[in-house]
Amino acid sequence: MAKLWIALLLLIGGFSQVTGAADDEAAFHQQLNTMTVKPYHHSLEATGRDTSCQLCHGASTPVAAPNDKSCLSCHGSRDQVAELTQPNPQDKNAEPNPHDSMHYGKDVPCTACHNEHKPSVIYCNNCHLFKYPDMKP
């Protein structure tokens, strides 16, 4: 009789884990459906480009941040991005170029700072106190 109870408890426990997993997956898909892109990426809709998860993540149900190739396919090469944020050499108070770090060069992943579905951060500020007033949130 004890073995029957143990088997029954294991069966119920396994069923609740399966049900929990289904609930987690449903919650994940609901979260995906409510995610929005930031205002400066709304122009993608005007160009007729696909603004689904696949445009950046390469998958309809992403589980990780997009890779840099996705970002650079629209924003240009690492050199072009670094050129856009080159500080004015006459400004002695200018912040260093965030896309051409003296520590990492141009190899910092885009998503170290830029986040589409949550506030962006300044990765360099883990050690420094840069402001970068023109950074898009």
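**Notebook: a predicted helical model**

I began with Glu83, which is exposed at a relative accessible area of 59%. My scale was this: buried is under 20% relative accessible area, exposed is over 50%, and partly exposed is in between, with a 1.4 Å probe and protein chains only. The model is predicted, so I noted that local features need pLDDT of at least 70, side-chain atom pairs count only at pLDDT 80 or more, and totals for chains, interfaces and linings use all residues. Residues are numbered from 1 along each chain as its sequence is written, and side-chain values use heavy atoms, with hydrogens and water left out.

**Overall layout**

I looked up the secondary structure next. The protein has 5 helices and 0 strands. Along the sequence the pattern reads α-α-α-α-α. Helices (H or I, at least four residues) and strands (E, at least two) are DSSP runs, numbered from the N terminus.

How much of the protein counts as buried? I found 15% of its 137 residues. The accessible surface comes to about 10,700 Å², and 60% of that belongs to carbon and sulfur atoms. These areas come from the Shrake-Rupley method with a 1.4 Å probe; for residues, only the protein chains shown count as cover.

I then checked contacts, meaning heavy atoms within 4.5 Å. Among those between residues at least 6 apart in sequence, 43% join residues at least 24 apart.

**Helix H4 and its ends**

Helix H4 covers residues 68-75. At its start, a side-chain oxygen of Asn67 reaches to within 3.1 Å of the backbone nitrogen of Lys69. For reference, a polar contact is a pair of N or O atoms within 3.5 Å; within protein, one must be able to donate a hydrogen and the other to accept it, and residues adjacent in sequence count only if both atoms are side-chain atoms.

Lys69 itself sits in helix H4. Lys69 counts as exposed, at 70% relative accessibility. I also compared its position with that of Cys110, 41 residues away along the chain: the C-alpha atoms are separated by 9.6 Å.

After H4 comes Gly76. Its phi is positive, near 100 degrees.

**Helix H5**

I returned to Glu83, which lies in helix H5 (residues 78-84). Asp100 is 17 residues from Glu83 along the chain, and their C-alpha atoms are 8.8 Å apart.

**Salt bridges**

How many salt bridges does the structure hold? I counted 2. The rule is a side-chain nitrogen of Lys or Arg within 4 Å of a carboxyl oxygen of Asp or Glu. Side chains of opposite charge can pair when their charged atoms come close.

One joins Asp68 and Arg78, with the closest N and O atoms 2.5 Å apart. This pair links distant parts of the chain, 10 residues apart: Asp68 is in helix H4 and Arg78 in helix H5. Asp68 is buried, with a relative accessible area of 14%. Arg78 is partly exposed at 26%.

Lys106 and Asp79 form a salt bridge too, at 2.6 Å from N to O. Lys106 lies in the segment after H5 and Asp79 in helix H5, so this pair ties together parts that are 27 residues apart in sequence. Both partners are partly exposed: Lys106 at 29%, Asp79 at 47%.

**The segment after H5**

I looked up Asn115 here, in the segment after H5. Is Asn115 buried or exposed? I found it buried, at 16% relative accessibility. Leaving out residues up to four places away in sequence, Asn115 touches Lys38, Tyr40, Ser120 and Val121.

**Cysteines**

I searched for disulfides, each a pair of cysteine sulfur atoms within 2.5 Å. The count is 0. Cys113 is in no disulfide, and the nearest cysteine sulfur, in Cys124, is 6.0 Å away. Cys113 is buried, with a relative accessible area of 17%. Cys124 counts as partly exposed, at 22%.

Phe130 and Tyr132 are both buried.
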